[in-house]
Amino acid sequence: MLVSATEMLKKARDGHYAVGQFNINNLEWTKAVLFTAQEMNSPVILGVSEGAGKYMTGYKTVAAMVKAMVETLNITVPVALHLDHGSYEGAKACLEAGFSSIMFDGSHYPIDENVAKTTELVKLAHEMGVSVEAEVGSIGGEEDGVVGAGEVADPAECKRIADLGIDFLAAGIGNIHGKYPANWKGLDFDALGKIHEATGGIPLVLHGGTGIPADMIQKAISLGVSKINVNTECQLSFAAATREYIEAGKDQQGKGYDPRKLLAPGFEAIKATVKEKMELFGSVNKA
Ligand SMILES: [Zn+2]
């Protein structure tokens, strides 16, 4: 059974650790994250971007696969299935498809429009027991080869959105998606402290968890971050392990071309990355 992310994140906030959101792309990814969460006895959030949802042929397919996998693998740790950076339409589609958590990313709208759309989605989601993440201050990242620095959210705007009854809030604090550039200035802890104070202790979300140094992660958790999104790092470790297998010529030995063999090293690499993150975030044995 899937659960909303509200309870697990309140527990994380009160217990001073963070729950990882690991984005999934296919069956192997989903299986790797679920297996690791169970082995680590950790709560987990499976993130699905709109692009990944489309890739997996739609949100209904994703929800059906995840629910069936949780059941057949006897996964007993809390699992939330969460839409990552959802549009207004995507959020509604995921509510219909049976997701247990949604993010509505209205950060590109003027604040009044972000407020109006978030309000409507909170009402719809909460009627169904689904948790809602909203975003203020867009999170940077690579777009068409240009790396944005990552905006720092305005604490007053954060409070305005937090007061709409959302369950957790993503606020830009200089974090970005994808790999961090060499000249990255680091997280803005001053801003994080102000946002934490202004929003009355709502669980905060740190996007772009790939490549943020461990000490900055720990400090962010101490300042109210209860959910950390990991996506690129699993992609990099999957790609590296798969490349190694091919470069060693293993796909040409015996039945090494069998997809169940070919994808096995990447699967194990995702598991290792997820385990490492759960240890860093402190969510091991918190199920
Ligand atoms: Zn993000």
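Student: How do you know that the radius of gyration of the chain agrees with that of a compact globule?
Tutor: The radius of gyration is taken over C-alpha atoms, and the globule rule is 2.2 Å times the number of residues to the power 0.38. For 287 residues a compact globule would have a radius near 19 Å, and the chain has 18 Å, so the two agree. Along its principal axes the C-alpha trace spans about 60 × 45 × 40 Å.

Student: What kind of model is this, and how are its residues numbered?
Tutor: This is a predicted model, in which local features need pLDDT of at least 70 and side-chain atom pairs count only at pLDDT 80 or more, while totals for chains, interfaces and linings use all residues. Residues are numbered from 1 along each chain as its sequence is written.

Student: Which strands make up the closed barrel, and what counts as pairing?
Tutor: Two strands pair if DSSP finds at least two bridges between them. The closed barrel has 8 strands in the order S1-S2-S3-S4-S5-S8-S10-S11, with parallel pairing. The twist from one strand to the next averages 25°, where axes are lines fitted to C-alpha atoms, for helices over the stretch in contact, and angles run from 0 to 180 degrees between N-to-C directions.

Student: How do you know that strand S1 pairs with strand S11?
Tutor: S1 (residues 19-23) and S11 (residues 225-230) share 4 bridges in the parallel sense, which meets the requirement of at least two. Within this pair, Gly20 stands opposite Ile228 and Phe22 stands opposite Val230. S1 also pairs with S2 in the parallel sense, over 3 bridges, and there Gln21 stands opposite Ile45.

Student: Why is S1 called largely enclosed?
Tutor: A residue is buried if 20 or more other C-beta atoms lie within 10 Å of its own, exposed if 12 or fewer, and partly exposed in between, with C-beta atoms placed from the backbone. In S1, 5 of the 5 residues are buried, so the strand is largely enclosed by the rest of the structure. Val19, Gln21 and Asn23 point one way, Gly20 and Phe22 point the other way, and all are buried. For the chain as a whole, 46% of the 287 residues count as buried.

Student: What makes the unit of S1, H2 and S2 right-handed?
Tutor: A crossover is right-handed if, with the strands pointing away from the viewer, the path from the first strand over the helix to the second runs clockwise. S1, H2 and S2 make a β-α-β unit of that hand. Helix H2 (residues 27-40) lies across S1, S2 (44-49) and S3 (79-86), running at about 165° to S2.

Student: How is strand S5 covered and joined to its partners?
Tutor: In S5 (residues 131-136), 6 of its 6 residues are buried. S5 runs parallel to S4 (residues 101-104), to which 4 bridges join it, and Ile102 has Val132 as its bridge partner. The chain crosses from S4 through helix H6 (residues 111-127) to S5, in a right-handed β-α-β crossover. Another 4 bridges join S5 to S8 (residues 168-171), also in parallel, and Glu135 stands opposite Ala170.

Student: Why does Gly282 count as partly exposed?
Tutor: Gly282 has 18 C-beta neighbours inside 10 Å, and therefore counts as partly exposed. This residue lies in the segment after H12 (264-281) and takes a positive phi of about 85°.

Student: Why is Thr57 called exposed, and what is its phi?
Tutor: Thr57 has 10 C-beta neighbours inside 10 Å, so it counts as exposed. Its phi is positive, about 75°, although Thr57 is not a glycine; most residues other than glycine have a negative phi.

Methods. Helices (H or I, at least four residues) and strands (E, at least two) are DSSP runs, numbered from the N terminus. Two residues are in contact if their C-beta atoms, placed from the backbone, lie within 7 Å.
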